[in-house]
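Please open the model in your viewer and keep the selection panel at hand. The tour below goes from one selection to the next and says what is to be found at each stop.

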Amino acid sequence: MSLLSNILIDGVVYGMVLFIISVGLSVTMGLMRFINLSHGAFAMAGGYVAALLIREQGFGFGAGVALALMFTMALAVVLETFVFRHLYKKSELQQVLFTIGFTFACIATANLFAGAYIQTLPLPEWMQGSVALGARTLPKQRVVVVATGGFVVLLLWLLVARTRFGIWLRASVDNAGMSSSLGINIRLVQCATFATGAGLAALGGVLGAELMPLEPFYPLKYLVLMLVVVAVGGLGSISGTLCAALLLGIIDTASRYVASGFGNLFFYAAMVLLLSVRPHGILRR
Amino acid sequence: MQAISVLPRMTSAPERFPWHVYVIGLGLIFGLYWLFPGNMLIMTRIAIMAILVMSLDLLTGYAGLATLGHAALYGVGAYAAALCAKFLTGDPLVGLVVAAGVGALLALISGAFLVRYQGLTFLMLTIAVVEIMHNLANKMQHITGGDDGLSGFTIDPLFGTFEFDIFGVTAYWYSAIALFLCYMVLRRIMNSPFGLCCEGIRENRDRMNANGTRIYPQLLKLYVLSGAFAGIAGGLSAQITQVVGLDSMGFTLSAEALVMLVLGGTGNLIGAILGTALFTGIHHFAATTNPFHWLFVIGGLLMLVVFLPQGFVQKAVNRLGRRVVTSTAGVAA
Amino acid sequence: MKVLQVGAAALMAAFLSGQALADTVKVGIIAPFSGPFAHYGKLFKDSAEAYLKQQQGKFAGHDIQIIYRDSGGPSPGVVRNAAQELIVNDKVDYLGGFVFTPNAMAVAPLIQQSKTPAVIFNAGTSIITTKSDYFVRTSYTQAQVTVPLANWAHEKGLKKVVTAVMDYAPGVDGEKTFDAEFTKLGGEIVDRIRMPMSTNDFSPFVQRIKASGAQAAYVFLPGGPPNLGFVNAYNQNGLRDAGIEFLGTAETDEFDLQKFGDAALGLMTSFHYSAAHDSDVNREFAKAMKEQAADALFNYASVGAYDGMRVIHKMVEATDGKKDGDKAMKAIRGFEWESPRGPVKIDPETRHITQNVYLRKVERGADGKLQNTEIENFGPQVDHGLE
């Protein structure tokens, strides 16, 4: 049935973008118990830097994106070491307050330097145009997004399940105090995780620029979306975030195809249902 | 969730009926009226928002349930008061009662489901509630006016004599006295065993459970109380501005209220009022001087407040309050 | 008690008004200067100041002082407060601005009571002008630009059209207007798609358009990111290749037009102002705007503000700088002039602007930049929403 295939294709694509943007937030919140509401700001930063490098400075797409990722990760390391670290001990409300203030400052900065306009990201030749999938066409850019999403999942799985760093990460999430006393460098783990999360956010910002255009209010506009994916998926759970993102993406897309008059009712109803049945995350007990 | 700060517990008479606080409050209301006649409109706005933020404080400060969905209760109260004025009666006090009732009703319905959860889950569910309500208000255009807003209703003069006119004098007194009364009532309620029970739930839920407290009914009662006062704030807003827009039911309003609360300090109602005054005042001034860059100012302020000593705003007020108390106690003794 | 109230208020008003220069005419402009819609405020400010500069800072010999107030987004409470402050504290003679309908509706009782003429620079819902006798509009209404589009679609031989609008009041208005007009002429609306405000991914809707079997799609989008998202989805999902015509109104406005790139080429819209309008008045307007701010982009919002100031100029002239709302409104009823958009007139009955509506197509201009080239002139249109 073509409607079903449409829903699945578009839903998976949308879900993948949500996953890439939100996974960093989930891991950070799970590991450091740090409510980072400025996560969207890193996505925006990555997108803006990539857009400026590619459009204004004439870098190639691959080079521009890579540089943007590195810049964002470096920025995240600096911020984490000097600023955010002091917030881990503070209460949740204070973390919310600070990160929202930081987000405001980022929005104002973006507006100051680049104006209120939408930042367009020129796509390279191989990402333009569409591929034919039977009766319908799918933009090549979306295919790249899905492929990248799959690649990110694989990479993260390798990182977490097969490397020493992954062991440190899992141990720290389970019990930071114990891990520290066993000799794991908690500070390093926290900093590296934060940077990775920010890097993934930047990647999500770049890839999602078609769906979620880059403009100064980007971090606040999509904040709720990220929080929903993270909450439903469960803090700190990568597979949970993937599951949640895909599920919510498909449900949202389905509602747009079938019953768009109800707005985002189905999205939030789905979220309420999932959270009430599984408050700690979709794949947790 | 840790408490930000709580005013020191005094066991003497002033705790029961802190007349010094009330005198200061009344004095402020009169003083501001005579000193800043040109700013009555903004002070009216502060008064209305302060009631909303106080009601939020009940949930977030006293019971430790951070919520981003409070605007739903405010919005539904606003629409109720507007519809009451349009179809039932233009009497402002009746409208307020209707608004409080509707706010409490929505709080009962949503709270029955919501207060089973805690922490991040609770927060996200409240976001869902406000977004769904916002969506509903947008769709039910024939009742709420949708995007165009609900207007075309007039409010009868208060007590039959004080008209709500263009100068805003009646509006100022109406909202300021309403704020004063709401503060009195809420303070009395939250300093009673009911309020202490809520604080206990915030501090240690399992312990309270072990004590024999039934958490769920307790929190539900608190939620309904909070909803009633949020509805009052919404009703006041609808009556004074005589138009209700979709923004009264928006997520942004909830977020702003939470920011105002945390800015001023949670856990005692004064913090709500202070935070509202501070945030609104700064927004007003920064917006008139340089609108697009006011975000820098607010962002900077929020970040700064977090790094100031715990409950900075509160401590300053504490010290002032203590000095007044000891001096008056010395006089009385 | 009431006498005391009024007396106190009058005393206060007298005390406050002492500051104003007797000869200065004050204009209060309420627009978004912060938040996601802040570009409107900048557009209004640039145009108003450009007009003022062209008149050397004086209207009919009187100094003009413009006071700006931020409205945020659609927040009727905030705007009502701002208007109240402007009227009571700052004692403005005229109000201007208003991007969103609820904001304009909120000030209706205020301007009626204080007899302050208010010029609507942007808000496009027909009923606003009926809410007070002191409203005059220099922007447009959705009905005004949609009805001629429906007519043109019918004349071109299109029989099946699908409507896809953003699900909020202006979008629904647009859909209803197009629907009514097109079906009246014998056409068929095959599907009415409502797109939720929070939509990021437009592919589902574009696919639905494709599946509906329509020959054209009447689209209404609010401006900003959704426009870009939709146009991209429209191209990437092969709608253009399938020959489904895009029929819009404000979607290709100059503020974001360049961002669309080649994706926008060939989009047809029916609207009242294009920056590429070929007239001397428009060229002078462009020059004035460039002098005001080198990076100034001007679109329908700019021209709404520019013409709004023209109307205020006329009102100041007619009342000789004094505050007389009734005299001012009487003077501008039937007022005609040549605007950068073409010849315009303020309708004496509805106080809405009667103006030419054009059919435009997006093309690359001589300077290589994208522009809305006017390919047909539908002639002067009144506010069809009030019929």
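Residues are numbered from 1 along each chain as its sequence is written, chains are lettered from A and ligands numbered from 1 in the order in which they are written, and side-chain values use heavy atoms, with hydrogens and water left out. The model scores ipTM 0.84 and pTM 0.86.

**Chain C, coloured by confidence**

Chain C has a mean pLDDT of 86, and 94% of its residues reach 70 or more. Select residues 4-21 of chain C, over which pLDDT stays under 50 and for which the model has 9 contacts beyond four places in sequence, a contact being heavy atoms within 4.5 Å. Where pLDDT is low, the predicted coordinates should not be read in detail.

**The sheet and the hairpin of chain C**

Next, show the open sheet of chain C, in which 6 strands follow the order β2-β3-β1-β4-β5-β6 with mixed pairing; two strands pair if DSSP finds at least two bridges between them. Its edge strands, each pairing on one side only, are β2 (58-59) and β6 (135-137) of chain C. Within the sheet, β1 (residues 25-31) and β3 (residues 62-70) of chain C run parallel and are joined by 7 bridges, and the bridge partner of C:K26 in β3(C) is C:Q65.

Then move to β14 (residues 353-364) and β15 (residues 370-381) of chain C, which run antiparallel and are joined by 9 bridges. C:R360 has C:E374 of β15(C) as its bridge partner. This hairpin has 5 residues between the strands, and C:G368 takes a positive phi near 85°.

**Between chain A and chain C**

Select both chains: 28 residues of chain A are in contact with 29 residues of chain C. The area buried between them is about 2600 Å², of which carbon and sulfur atoms give 53%; buried area is the accessible area (1.4 Å probe) that two parts lose on being put together, summed over both. In chain A, the residues that lose the most area to chain C are A:Y117, A:I118 and A:R256, together 26% of what that side buries.

The count of salt bridges here is 1, a salt bridge being a side-chain nitrogen of Lys or Arg within 4 Å of a carboxyl oxygen of Asp or Glu. To see it, display the side chains of A:R142 and C:D201, which meet at 3.4 Å, N to O.

**Between chain B and chain A**

Finally, select chain B with chain A, where 35 residues of chain B are in contact with 40 residues of chain A.

Terms used
This is a predicted model: local features need pLDDT of at least 70, side-chain atom pairs count only at pLDDT 80 or more; totals for chains, interfaces and linings use all residues. Helices (H or I, at least four residues) and strands (E, at least two) are DSSP runs, numbered from the N terminus. pLDDT is the predictor's confidence in each residue, from 0 to 100.
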